[in-house]
Amino acid sequence: MRRIGASVIERVTQACVCASMLLAPVAATQAATEEDPWEAVNRPIFRFNDTLDTYALKPLAKAYDAVTPQFLEDGIHNMFRNLGDVTNLANNVLQLKPHAAGMDTARLIVNTTFGVAGFFDVGTKMGLQRSDEDFGQTLGYWGVPSGPYVVIPLLGPSTVRDGVAKYPDTFTRPYRYVDHVPTRNSAFALDVVDTRASLLPAEKLIQGDKYIFIRNAYLQNREFKVRDGEVEDDF
């Protein structure tokens, strides 16, 4: 049972982003290289993360994908996405996007109530488009430069700006407010495995040097998100 999910280790990258990289021009690759002055340090960390993923996280994701009924897997994925709408809402407010913030609010209300705590994505079926925002994008919206590309142990590809922004986003996530440690850790682990399982199909799109492919895909994806899709056409 496979499902093309939403960006482990934000965490390989979304399938659509990986596909776009197959058509990326040489100029984009050269630009990405210039944004990676710490490659000598990033590569060993990448190898560590990739080894951990290969021998631990990926097998767990495959087992989860194999034994979990598709409807249940989809429902769990929807529930975590519903929780993520809180982060989307907060950052859309900070970016002064009232329409998107209103959509996020409506999705939270509809999916939490009629969608049974988000198990069913009723909002999407009603035409309520889901956002994909985080504090890194908020900083980019207000003009904060991304800084060099960096690979963070366990967390994967990032930039200086996005790496620092990960901490403020934790205040909008439920794990921070769950006092029962076993429950908190179990929910977090399930979220990670579910996310990794959703990215399994995207691996087939990776070609050539895996480090360079993921780096370029990540940087292009972040630019696309920060600019809300308004990027220059290189062709």
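Asp85 is buried, with a relative accessible area of 0%. Buried here means under 20% relative accessible area, exposed means over 50%, and partly exposed lies in between (1.4 Å probe, protein chains only). The model is predicted: local features need pLDDT of at least 70, side-chain atom pairs count only at pLDDT 80 or more, and totals for chains, interfaces and linings use all residues. Residues are numbered from 1 along each chain as its sequence is written, and side-chain values use heavy atoms, with hydrogens and water left out.

The protein contains 10 helices and two strands. Helices (H or I, at least four residues) and strands (E, at least two) are DSSP runs, numbered from the N terminus. Their order along the sequence is α-α-α-α-α-α-α-β-β-α-α-α. Of the 235 residues, 42% are buried. Accessible areas come from the Shrake-Rupley method with a 1.4 Å probe; for residues, only the protein chains shown count as cover.

The structure holds 18 salt bridges. A salt bridge is a side-chain nitrogen of Lys or Arg within 4 Å of a carboxyl oxygen of Asp or Glu. Asp85 takes part in one with Arg130, where the closest N and O atoms are 3.3 Å apart. This pair links distant parts of the chain, 45 residues apart. Asp85 sits in helix H4, and Arg130 in the loop between helix H6 (122-125) and helix H7 (135-141). Arg130 is partly exposed, at a relative accessible area of 23%.

Asp85 is also one of the contacts of Asp104. Asp104 belongs to helix H5 (residues 98-113). Asp104 is buried yet has no salt bridge. Its nearest side chain of opposite charge, Arg107, is 5.6 Å away. For charge, Lys and Arg count as positive and Asp and Glu as negative; His and the chain ends are not counted. Leaving aside neighbours within four places in sequence, Asp104 touches Asp85, Asn88, Leu89, Asn92 and Ser131. Contact means heavy atoms within 4.5 Å.

Helix H4 (residues 70-94) also holds His77. At 9% relative accessibility, His77 counts as buried. His77 and Ala197 are 120 residues apart in sequence, with their C-alpha atoms 9.9 Å apart in space.

A second salt bridge joins the side chains of Arg196 and Asp53, at 2.7 Å from N to O. Arg196 lies in helix H9 (residues 181-198) and Asp53 in helix H3, so the pair ties together parts that are 143 residues apart in sequence. Both Arg196 and Asp53 are buried.

A further salt bridge connects Glu223 and Arg227, with the closest N and O atoms 3.4 Å apart. Both partners are partly exposed: Glu223 has 39% relative accessibility, and Arg227 has a relative accessible area of 46%. Salt bridges that share partners also join Asp36, Glu39, Arg43, Asp209 and Arg215 into one network. Within this network, Arg215 lies in helix H10. Arg215 is buried, with a relative accessible area of 1%. The C-alpha atoms of Arg215 and Gly156 are separated by 9.9 Å, although these residues are 59 residues apart along the chain.

Aromatic contacts were examined next. A pair of aromatic rings is described by the distance of the centres and the angle of the planes. Rings of Phe, Tyr and Trp (its six-membered ring) pair if their centres lie within 6.5 Å; planes under 30 degrees apart count as stacked, over 60 as edge-to-face and the rest as tilted. The structure holds seven aromatic pairs. The rings of Phe46 and Tyr211 have centres 5.5 Å apart and planes at 80 degrees, so this pair is edge-to-face. Phe46 lies in helix H3 and Tyr211 in helix H10 (residues 210-226), so the pair ties together parts 165 residues apart in sequence. Phe46 and Tyr211 are buried. Ring pairs also link Phe46, Tyr149, Tyr211 and Tyr218 into a cluster.

Helix H3 (residues 39-67) includes Val41. Val41 counts as exposed, at 52% relative accessibility. Together with Trp38, Val160 and Val164, Val41 forms a nonpolar surface patch of about 370 Å² accessible area. Patches are made of residues with over 30% relative accessible area and no salt bridge: like charges are joined within 9 Å, nonpolar side chains (Val, Leu, Ile, Met, Phe, Trp, Tyr) within 5 Å.
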